[in-house]
Amino acid sequence: ALMYIRGDYVTKDLKKAFELYSQSASMGNSYSMFNLSIMYTIGDYVTKDLKKTFELLSESVSNGNKYAMFNLAIMYMRGEYVTKDMKKAVELLSESVSNGNRNAMVKLAIMYTRGNYVKKDMKKAFELLSQSASLGNKMAKNILKKFPTRFKRDSFKDKTKIKKDSFKDKTKIKRDSYKDKTRSKQELNV
């Protein structure tokens, strides 16, 4: 079905893709349900139908699809077809994050930085952005570049202290050995 949507090695055919996704979704494939929901959201080949989108996403979520969790959370956040419910949206985003969805990590991190519908927690936001960036999310990487330095520093505070302490010891040793060499030269000249 994906090949028919993209036109990879076959002629692009949304009708055929829709048929294949429908067939696969009827057998319980959560990814096909998710992809069908996108077709209904956008109106690709089918008439735009947010009710059908909601139904497909809900079924896909019940089958553990992390991408459907994210999209359904967005529907709850915007109040699209459903009553706006930020508590439900945060629950779905959190579940999607725990299943490794890097886009959900970014969305939830932004909510933590602003304190929108969650308690403001910059450390949690930094952790989520770092995790998402480590999974290759470009948006997370860009946000981290602009993230307040103090939160970056705080998360590595213990490691920095160790490095500073060990650096101080080495510096002291170098100074002492330099003084010894200087004294030796002065004594020789006298």
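Trainee: Why does tyrosine 45 count as partly exposed?

Mentor: In this predicted model, tyrosine 45 has a relative accessibility of 45%. Buried means under 20% and exposed means over 50%, with partly exposed in between, so at 45% tyrosine 45 counts as partly exposed. Its place is in the loop between α3 (30-42) and α4 (50-62).

Trainee: What makes the phi of tyrosine 45 worth a remark?

Mentor: Most residues other than glycine have a negative phi. Tyrosine 45 is a residue other than glycine, and yet its phi is near 70°, a positive value.

Trainee: What is the phi of tyrosine 117, and why does tyrosine 117 count as exposed or buried?

Mentor: Tyrosine 117, which lies in the loop between α7 and α8, has a positive phi of about 65° although it is not a glycine. The relative accessibility of tyrosine 117 is 55%, and since exposed means over 50%, tyrosine 117 counts as exposed.

Trainee: Why are α7 and α8 called roughly antiparallel to each other?

Mentor: The axes of helix α7 (residues 102-114) and α8 come within 8 Å and cross at roughly 160°. Angles over 145 degrees count as roughly antiparallel, and therefore α7 and α8 are roughly antiparallel to each other. Their crossing is left-handed, and the contact involves, among others, Met105, Val106 and Tyr112 of α7 together with Ala125, Leu128 and Leu129 of α8. Sorted by kind, the residues of this contact are nine nonpolar, three polar and two charged.

Trainee: How do you know that the protein is built from helices without strands?

Mentor: The count for the protein is 11 helices and zero strands, and read along the sequence the pattern is α-α-α-α-α-α-α-α-α-α-α.

Trainee: How much of the protein counts as buried?

Mentor: Of its 190 residues, 32% count as buried, a word that means under 20% relative accessible area.

Methods: Residues numbered from 1 in each chain as written. Predicted model: local features only at pLDDT ≥ 70, side-chain atom pairs only at ≥ 80, totals over all residues. Heavy atoms only, no water. Helix = DSSP H or I, 4+ residues; strand = E, 2+ residues; numbered from the N terminus. Buried < 20%, exposed > 50% of the residue type's maximum accessible area, 1.4 Å probe, protein only. Axes fitted to C-alpha atoms, helices over the stretch in contact; angles between N-to-C directions. Parallel < 35°, antiparallel > 145°, perpendicular 65-115°, else oblique. Left-handed = near helix turned anticlockwise from the far one by under 90°. Contact = heavy atoms within 4.5 Å. Nonpolar A, V, L, I, M, F, W, Y, C, P; charged D, E, K, R; others polar.
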